[in-house]
Amino acid sequence: MRRRLVIILTALVISLVISTPHVFAAYQYTFKGYGYGHGIGMCQWGAKGRADAGQTYRQILAHYFQGTTVTSNYSVPSTVRVRLFGSSNLSKAYIEGEGSSTFDFVKTDGTYAFKGATGKWAVVPATGGLLTLVKPDGTVAVDQLAGPIIVTDASNPIEVYNAGGSRYHSYKGSLYVYPVDASHLYLVNYVGFEPEYVNGLGEVPSSWPYDALYAQAVAARTYAVKFMKPQNTFDLYDSVQSQVYIGVDKINETSGGTNWGARWAKAVADTKGQVITYSGAPIAAYYFSSCGGHTENVELAWPNASPQPYLKGAEDRNSSGKAYCQQTGNTSFSWTKVISKTDFESKLGVSGIANLVITKYGVSPRISQIKIVKADGSSTAMRGDTFRSKLSLKSTWIYQMGGTFPDVSLNYWAFTQIEDLVKRGVIAGYSDGTFKPDEIVTRGQFAKMLCLAQGIPTDGSNTFTDVKGHWAESYISALVTNGIIGGYPDGTFRPEARISRAEICSVIARAMDLSPGSNKSSFPDIEGHWAKNVIQLIASNGIVTGCTDGNFKPNASANRAEVSVIIYRTLAFAQ
């Protein structure tokens, strides 16, 4: 009787919304979105798309930085100090002259620590904040050197290798090696600002159209001028903490016999001294990889930032509606990230997550603020950019959060139950990838879901006149053979017909030997209805619930989400 009971419950108890939240089961959650980066200022792939469409770099910059001017002959700094390896400290670094050229180690007083070095030398931190120079053969050349030590080669670039001996990049100018402590050091490249530093910015492929390269050169130059904040030892990082700087490797880019880097050097030279200004001052010329079709206000992307008239979100699509950044080669126009439950909660630093509620959007569909709701009802507010960073998502433009299906998001009321049944193989989506949670379930669809949920063999026979050849015939026959479901007096089964909530309760009442339960419910719309007593009986046992308006709606149909919830609940009840 137990198995039959569970089968009938699974098949026929189609309840409405459950009021209590569910803790996620051990699933992998799928996040899908558009774009790559913070969304503020210039979209680099969009700039390429606009250049491909014939726009000039000045038109491109005017679109992304509204109300600004490209000012020529701006007085840029003569030199810049760039910290290499981002903010990372190294246990040691290797130095070599490019092309086996000689180089010198110079003390801060101008005297030589070692002159005419050749090969790959190591600089190693020592006790007391000192440095040691080690020859390529592993012997110590000079010990107990006060930092910083200056590495120079007047004629050739200097190659730098990390602590593991892997080549990093090659640089013009000089290198300053600073000790941090007895175990760590870091390097700073002193180099000319124009053109050496700008030539070394590796932010976009040099093969892009010239107007896209011009736009990037002007934006990058402006960014550096705006954000050079001299500290004790350096002005900018060589990483995304400032902007990506790879030294002479950028203009040395060669493939297939073509020196692509020469195109970038030309873009830098052709825009020499050009800076984006607003009211005469250099702007915060933010840029990023891909916008997905719309950029964002700075104060909505970064809630602690002040609004700027030139950093306003803007539509970034052509006249046909296609995003300028939607191009071959841009793998970040749209993206998918799959995260396990364990990683999901661990990275967010919140356990027992039951829901995600977006509380504030940007002017684009990006998330500005989000609320993480726990199963106990408590919640944690989080900035959209923080949420993105913690989960390592490409952007905050997220159109699907956690579901297998784009129309069943992480915060959908039946998310947990649908995901569980998908993993069990009980339900599936449609050929277009959607689930259609609001679509009404037919009797034929219901028969299939029931058979899959209970593992009932799809064999048997039936005499229904309207089932022969129907796609659900084998499932319907299996249920009839097992005495689980019947047809209508006219000999039909009506596989495309809906099942009313009242009929469901009636079947449950016949299938289960239930006594009145402790839940007291009163539904105004069942007075005088033929199924009043069975509805009250089933509701008193908590198997079905009413609607938010206090009614039961006995003649209403049930959709796929509601069916999924009850199958999930009855399977759990059976266990």
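**Aromatic rings and charges over rings**

K250 lies over the face of W264, 5.7 Å from the ring centre; a charge sits over a ring if NZ of Lys or CZ of Arg is within 6 Å of the ring centre and within 35 degrees of the ring normal. The model is predicted: local features need pLDDT of at least 70, side-chain atom pairs count only at pLDDT 80 or more, and totals for chains, interfaces and linings use all residues. Residues are numbered from 1 along each chain as its sequence is written, and side-chain values use heavy atoms, with hydrogens and water left out.

**Charge over a ring**
- The ring of F435 has the charged end of R560 over it, 4.1 Å from the ring centre.

**Aromatic pairs**
- The structure holds 31 aromatic pairs (rings of Phe, Tyr and Trp, the last by its six-membered ring, with centres within 6.5 Å; planes under 30 degrees apart count as stacked, over 60 as edge-to-face and the rest as tilted).
- One of them joins F103 and F105 edge-to-face, at 5.4 Å centre to centre and 70° between the planes.
- F103 is buried at 0% relative accessible area (buried means under 20%, exposed over 50%, partly exposed in between; 1.4 Å probe, protein chains only), and F105 is buried at 0%.
- Y286 and W302 have ring centres 5.0 Å apart and planes at 90°, so this pair is edge-to-face.
- Y286 is buried at 17%, whereas W302 is partly exposed at 23%.

**Ring cluster**
- Y29, F31, F344, F387 and F415 are linked into a cluster by ring pairs.
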